[in-house]
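The following exercises concern the fold of one chain and the surroundings of one residue in another. Each task is followed by a solution in steps.

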Amino acid sequence: MSVIPAREEILLTASETRALIQQMADRILSDLARPENLVVVGIRRGGAVVAGLLRDRLVAALGRQIPMGFLDITFYRDDLRTIAPNPVVGATDLTMTIDGRRILLVDDVLFTGRTIRAALNALFDYGRPECVELAVLVDRGGRQLPIQPDYAGRAIEAGTRETIKLAEREKGEWIVVCRRPEG
Amino acid sequence: MGSHLWNRKHLLGMADLSREEIQSILDAAASLREVNRREIKKVPTLRGKTVINLFFENSTRTRTSFELAGKRMSADVINMSVASSSVKKGETLIDTLATLQAMNPDVVVIRHPESGAQEFLARHLDAAIVNAGDGRHEHPTQALLDLLTIHDHLPLLDRSGFEGLVVAVCGDSLHSRVARSIALGLRAMGGEVRFVGPPGLIPPKAEEAFGARVYHDMEEGLDGAHVVMALRLQLERMTVGFIPSVREYFAFWGLTRARLARAAPGAFVMHPGPINRGVEISSEVADDRERSVILEQVANGLAVRMAVLYRLCGVGGGR
């Protein structure tokens, strides 16, 4: 397996990431009519991290627990043939009932929208939520489906060859990096 | 990193699988188990794929397990049972294959009484082939489900991996493709296998071929073992008198509570099923929910077969 030389650039520092999460949490809270009805669902793997960070802020502000679940959408992807045959498979963990709940679906980076499409399909195999909203830390554009975020930390225009991902700088310190192939 | 772990078109046996390949199946199986606990036990992963179960030998358990595995992944599953007693085996087989090929399946799951039949079939079909048992040769999905079950219990044995794990495979390993496959799988994972049984029921050259240490004494063979796997006495595969009597067999080779006490603390009992109570295992041991994980094996079998179909369709089966 050859390693493609790539340049890596920090898109969001740890403190910028923290600030964006706080801003998103504030906006979510201002729209929130019934906190008791909220369920946070993170999409593995990056979305699970952002969901945890967001949930912590929401819990701190509301002074009450908020149920959180995780979705692994590997088995709902539409690209079984074209992706590498060995996607890392995580576990879906949705133990609470989602019927009639307000679901805050969380991912780290929103790109084509295909992951969200798959996540919605997965979610509806577990029940019938009252509504689903989408929160993403970074919206990088390039949508291939009619899917838009309700809450986005930062919107950027990234080229298709660039990879944008969440990375752990130090324990609990998350940054967002952009990797683009050289040449 | 994890992107080139599984590149095989077929799953014919454990013999040539690497540790990483085995782990890639176990990982997928571990997360697919969750699907089987949901209210809606189905994922759309293999929608539009066709899986044919081609069984030249009766097997309700394995066939049902593969059938359900395919259905829970949303594949279309067809079961074909073919009588194996035909004398014109070669001819029949070629004809059957032509029929199958015309249906353009993505995966064909095959059980056949002749060792090596699947390798022949793999040369004549475009589909991915899964060996669901061939004669005395291999039964890789059984070994994979056994490995998953063992993996689940490693923490209870205070272990983090398979290295140094001692698995005693007891009874008729000569006629058992399960014994061969699990021995090969454990060897790949770094575990230690013992074949425990009477001299007439141990495959020749067990040490060279499967890396198994041979014990002709049940107590000695169980001594310090972490996992005890009792094998079914396969009377239907025995053409001549391999054992004097079933009662005598149990007296010498039956897995009883007293014998199990020789194994390591926390050791647990496995059996590929169907069990012969009072032949290779006592009811007391088989039904002991503290020690016996036989029903977990069945549940894991379903998840492992889902994982195998998933990996194969991701490589060659998904044309």
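**Exercise 1. Determine what share of the contacts in chain A between residues at least 6 apart in sequence joins residues at least 24 apart.**

Solution. Two residues are in contact if their C-beta atoms, placed from the backbone, lie within 7 Å. Among the contacts in chain A between residues at least 6 apart, 72% link residues at least 24 apart in sequence.

The model is predicted: local features need pLDDT of at least 70 and side-chain atom pairs count only at pLDDT 80 or more, while totals for chains, interfaces and linings use all residues. Residues are numbered from 1 along each chain as its sequence is written, and chains are lettered from A and ligands numbered from 1 in the order in which they are written.

**Exercise 2. Describe the secondary structure and the overall dimensions of chain A.**

Solution. Step one: chain A has three helices and eight strands (DSSP runs numbered from the N terminus; helices are H or I with at least four residues, strands E with at least two). Along the sequence they follow the pattern β-α-β-α-β-β-α-β-β-β-β.

Step two: the radius of gyration of chain A, taken over C-alpha atoms, is 16 Å, close to the 16 Å of the globule rule for 183 residues, so chain A is as compact as a globular protein of that length. The rule is 2.2 Å times the number of residues to the power 0.38.

Step three: along the principal axes, the C-alpha atoms of chain A fill a box of roughly 50 × 40 × 30 Å.

**Exercise 3. Is B:Ala132 buried or exposed?**

Solution. Step one: B:Ala132 lies in strand 4 (residues 128–134) of chain B. Step two: B:Ala132 has 28 other C-beta atoms within 10 Å and is buried (buried means 20 or more other C-beta atoms within 10 Å of its own, exposed 12 or fewer, partly exposed in between; C-beta atoms are placed from the backbone).
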